[in-house]
Amino acid sequence: MIEVIHSGNAGQFGDLLDKQFRLRHEVFVGERGWTAFDVDGIHEKDQYDDDAAVYLVAADDAGAVAGGFRLYPTVLPHMLSENFAQLVDGALIQRRDVLELTRFAMRKSERRSRHYFELLLAIQEYGLMEGLSGFTSVINPLRIPILQGFGLEIEPLGLPAMIDGETTIAVLFHVSEKCFARVSKSVAIEDSVFALPQTSRRIA
């Protein structure tokens, strides 16, 4: 199941959040070589891991973290606006009903697992709960057809470009009841993916 962690409840989920930062280190520093974000040899963090961030973390009953991602307000300076604005053709999306989705990380053994499918569905379920219309993100364009195969609706915001040796594209993940239904059917999950009923928490 998935926990929603934010500044209001981070004290309650401190251990889980710590494990998520450790997993991010394994994935982004250990596997992808992002040494600039190596905090202490154990955790991976950047300037957007602040009180405005919300984390969706998939964990099992024993408290082991399988994966998760970070959400951030686009109305604040964020990764796309400050580091990858050149990927967007036209004006940047900076609205309260659109958040940025970054740092999607999965443990190797959990990739394509139920936890992975729950996180894909959580993109839609959380978006609907919060009254959002979408999430911006920066991804490898090779991921687009894979994610579309699960039912996600993805709109490119510009052309792909090479950044630090990797082909990268800015996209918008649309949120809708129809998209939620498609993803739910594709991953064969009918119940809520969240551990407890979530109360709406608008960020920024």
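The model is predicted. Its largest pocket has a volume of about 1100 Å³, and 36 residues line that pocket. Helix α3 is largely enclosed by the rest of the structure, since 13 of its 16 residues are buried.

**Largest pocket**

- The volume of the largest pocket is about 1100 Å³. Among its 36 lining residues, F28, R32, W34, F104 and V138 are the closest to the centre.
- Both helices and strands contribute to the lining: α1 (14-31), α2 (79-83), β4 (98-106), α3 (114-129), β5 (134-139), α4 (143-149) and β8 each supply at least two residues.
- Strand β4 gives the most to this lining, with 6 residues.
- By class, the lining of the largest pocket consists of 21 nonpolar, 6 polar and 9 charged residues.
- Rolling a probe the size of a water molecule over the atoms shows where empty space is left.

**Helix α3**

- Helix α3 has 16 residues and spans 21 Å from its first C-alpha to its last, close to the 22 Å expected at 1.5 Å a residue.
- A kink of about 35 degrees is present in α3, centred on A122.
- Of the 16 residues of α3, 13 are buried, so the helix is largely enclosed by the rest of the structure.
- At the start of α3, a side-chain oxygen of S113 comes to within 3.3 Å of the backbone nitrogen of H115.
- After α3 comes G131, which has a positive phi, near 70 degrees.
- Helix α3 is also one of the elements that supply at least two residues to the lining of the largest pocket.

**Buried polar side chains**

- D49 is placed in the loop between α1 and β2 (54-59). Its relative accessible area is 18%, so D49 counts as buried, the cut-off being under 20%.
- The side chain of D49 has two polar contacts to consider: one with the side chain of Y55, at 2.8 Å, and one with the side chain of R70, at 2.9 Å.
- R70 lies in strand β3 (residues 65-73) and has a relative accessibility of 1%, so R70 counts as buried.
- H43 is also in the loop between α1 and β2. At 11% relative accessibility, H43 is buried.
- The side chain of H43 makes a polar contact of 2.6 Å with the side chain of D18.

- R70 and I5 are 65 residues apart along the chain, and their C-alpha atoms are separated by 9.5 Å.
- S137 is in strand β5 and counts as buried, at 6% relative accessibility. S137 and E100 are 37 residues apart in sequence, while their C-alpha atoms are 5.8 Å apart in space.
- Strand β5, which holds S137, is among the elements that supply at least two residues to the pocket lining.
- E190 is in the segment after α5 and is exposed, with a relative accessibility of 76%. E190 and L121 are 69 residues apart in sequence and 9.9 Å apart in space, C-alpha to C-alpha.

- Most residues other than glycine have a negative phi.
- D164 has a positive phi, near 50 degrees, and is not a glycine. The residue is in the loop between β7 (161-163) and β8 (166-174), and at a relative accessible area of 81% D164 is exposed.
- A188 is another residue other than glycine with a positive phi, near 60 degrees. The position of A188 is in the segment after α5 (177-187), and its relative accessibility of 60% counts as exposed.

Key. Residues are numbered from 1 along each chain as its sequence is written. This is a predicted model: local features need pLDDT of at least 70, side-chain atom pairs count only at pLDDT 80 or more; totals for chains, interfaces and linings use all residues. Side-chain values use heavy atoms; hydrogens and water are left out. Helices (H or I, at least four residues) and strands (E, at least two) are DSSP runs, numbered from the N terminus. Buried means under 20% relative accessible area, exposed over 50%, partly exposed in between (1.4 Å probe, protein chains only). On a 1 Å grid over the protein atoms alone, a cavity is a set of points where a 1.4 Å probe fits but cannot get out, and a pocket is an open set with protein on both sides within 12 Å along at least five of seven lines; lining residues have an atom within 4 Å of a point. Grid points are joined across faces, edges and corners, and a volume is the space filled by probe spheres set on the points. Ala, Val, Leu, Ile, Met, Phe, Trp, Tyr, Cys and Pro count as nonpolar, Asp, Glu, Lys and Arg as charged, and the others, Gly among them, as polar. The expected span of a helix is 1.5 Å times one less than its number of residues. The bend at a residue is the angle between axes fitted to the seven residues ending there and the seven starting there. A polar contact is a pair of N or O atoms within 3.5 Å; within protein, one must be able to donate a hydrogen and the other to accept it, and residues adjacent in sequence count only if both atoms are side-chain atoms.
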